[in-house]
Amino acid sequence: MGLKGKYTAHIAVVASAVAIGLASWGAAALTDTEAEARAGERQEQRVPAGDAKGPAQVPPVKVPQSIAHAAEAGGTSVNITIDDGPDPRWTPQVLDILKENDVKAVFCMVGPRAKEFPELVKRVVAEGHRLCDHTVSHDTTMDKKPVDYQKQQILDAKRMIEEAAGGAKVEYYRAPGGAFTPNSRRIAAEAGMRPLGWNVDTKDFELPGTGAIVNTVKQELSNGPTILFHDGGGDRAQTVAALKQVLPWLKEQGHPTSFPVRTTP
């Protein structure tokens, strides 16, 4: 073999070695990449949403400022709403009855009450019910107060309820006594809470008697689907007794329970 042939053969050998080396490096790099990806997948599986300090912070859902009455499920569905708690005596009884009848409800809570009884707030959430902001002081003259006062009452209560719930979001705002204002509705909606009204006021807080509470539901249900009860603010034995009758009756009459609408007018 001449000098030229020897040189050509040498080049070929070097090129082959380089090619093999590159191939081996590429395979190793691919293996490392796959290993990193798999490690990442395992890490994602181990780490829940949010950091170690608490649940992930989800931006508030944009909701209308108008007052909701309709049911998400539509049709003949009704919404059960429970105000003024939580209360250590009455809220557990109400929750037991709801569970027995496979009914979900919205609990409109007063901020300091939620702060005082966080275990009840957590139970409400754990059993599939939704939370509603019912202000700090339950001031039925909210509509006559300055905007800054309304904002403090609404947002401070929201914070108290969510902290007591362990991070679950408050999805509605109900003004005490229905004392909504354009500003209070705007403040609530901007914080992701749909203003929530009612169609049937059982007036159970007036202690009219179990029969009267039941009859009010039956007679006024044609007004609309959202029914108002209370689990706080006083003796709620009549409410508890009425719920034991009302919930089975609603089911018998073809009125399944739903939640109030949030993102539609």
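Tutor: Before we start, a residue is called buried here when its relative accessible area is under 20%, and please keep in mind that this is a predicted model.

Student: Okay, with that in hand, which residues of α5 are buried?

Tutor: In α5 the buried residues are Gln 150, Gln 153, Ile 154, Ala 157, Lys 158, Met 160, Ile 161, Glu 162 and Ala 164.

Student: And what covers the buried residues of α5?

Tutor: The cover includes the strands β2 (105–109), β3 (130–133) and β4, together with the helices α3 (111–116), α4 and α6.

Student: How many residues does α5 have, and what does it reach from its first C-alpha to its last?

Tutor: Helix α5 has 18 residues and reaches 26 Å between those two atoms, which is close to the 26 Å expected at 1.5 Å a residue. Just after the helix comes Gly 166, whose phi is positive, at about 80°.

Student: Back to α4, then: at what angle does it pack with α5?

Tutor: Helix α4, residues 118–126, and helix α5, residues 147–164, pack at an angle of about 75°, and their axes are 8 Å apart. That angle makes α4 roughly perpendicular to α5.

Student: Which residues meet there?

Tutor: From α4 there are Pro 118, Val 121 and Lys 122, and these meet Ile 161, Glu 163 and Ala 164 of α5. Sorted by class, the contact has four nonpolar residues and two charged ones, with no polar residues. Ile 161 and Ala 164 also belong to the buried residues of α5.

Student: Switching topic, how many aromatic pairs does a search of the whole structure find?

Tutor: The search finds one aromatic pair. It is formed by Tyr 173 and Phe 180, whose ring centres are 5.7 Å apart and whose planes are at 90°, so the pair is edge-to-face.

Student: Are those two buried or exposed?

Tutor: Tyr 173 and Phe 180 are both buried; Phe 180 counts as such because its relative accessibility is 15%, and the cut-off is under 20%.

Student: Where is Phe 180 found, and what does it touch?

Tutor: Phe 180 is found in the loop between β4 (170–173) and α6 (182–190). Leaving aside residues up to four places away in sequence, Phe 180 touches Ile 67, Asp 143, Tyr 173, Arg 174, Ala 175, Arg 185, Pro 195 and Leu 196.

Student: And zooming out, what does the secondary structure come to?

Tutor: The protein comes to eight helices and eight strands, and 42% of its 265 residues count as buried.

Methods. Residues are numbered from 1 along each chain as its sequence is written. This is a predicted model: local features need pLDDT of at least 70, side-chain atom pairs count only at pLDDT 80 or more; totals for chains, interfaces and linings use all residues. Side-chain values use heavy atoms; hydrogens and water are left out. Helices (H or I, at least four residues) and strands (E, at least two) are DSSP runs, numbered from the N terminus. Buried means under 20% relative accessible area, exposed over 50%, partly exposed in between (1.4 Å probe, protein chains only). Contact means heavy atoms within 4.5 Å. Axes are lines fitted to C-alpha atoms, for helices over the stretch in contact, and angles run from 0 to 180 degrees between N-to-C directions. Angles under 35 degrees count as roughly parallel, over 145 as roughly antiparallel, 65 to 115 as roughly perpendicular and the rest as oblique. Ala, Val, Leu, Ile, Met, Phe, Trp, Tyr, Cys and Pro count as nonpolar, Asp, Glu, Lys and Arg as charged, and the others, Gly among them, as polar. The expected span of a helix is 1.5 Å times one less than its number of residues. Rings of Phe, Tyr and Trp (its six-membered ring) pair if their centres lie within 6.5 Å; planes under 30 degrees apart count as stacked, over 60 as edge-to-face and the rest as tilted.
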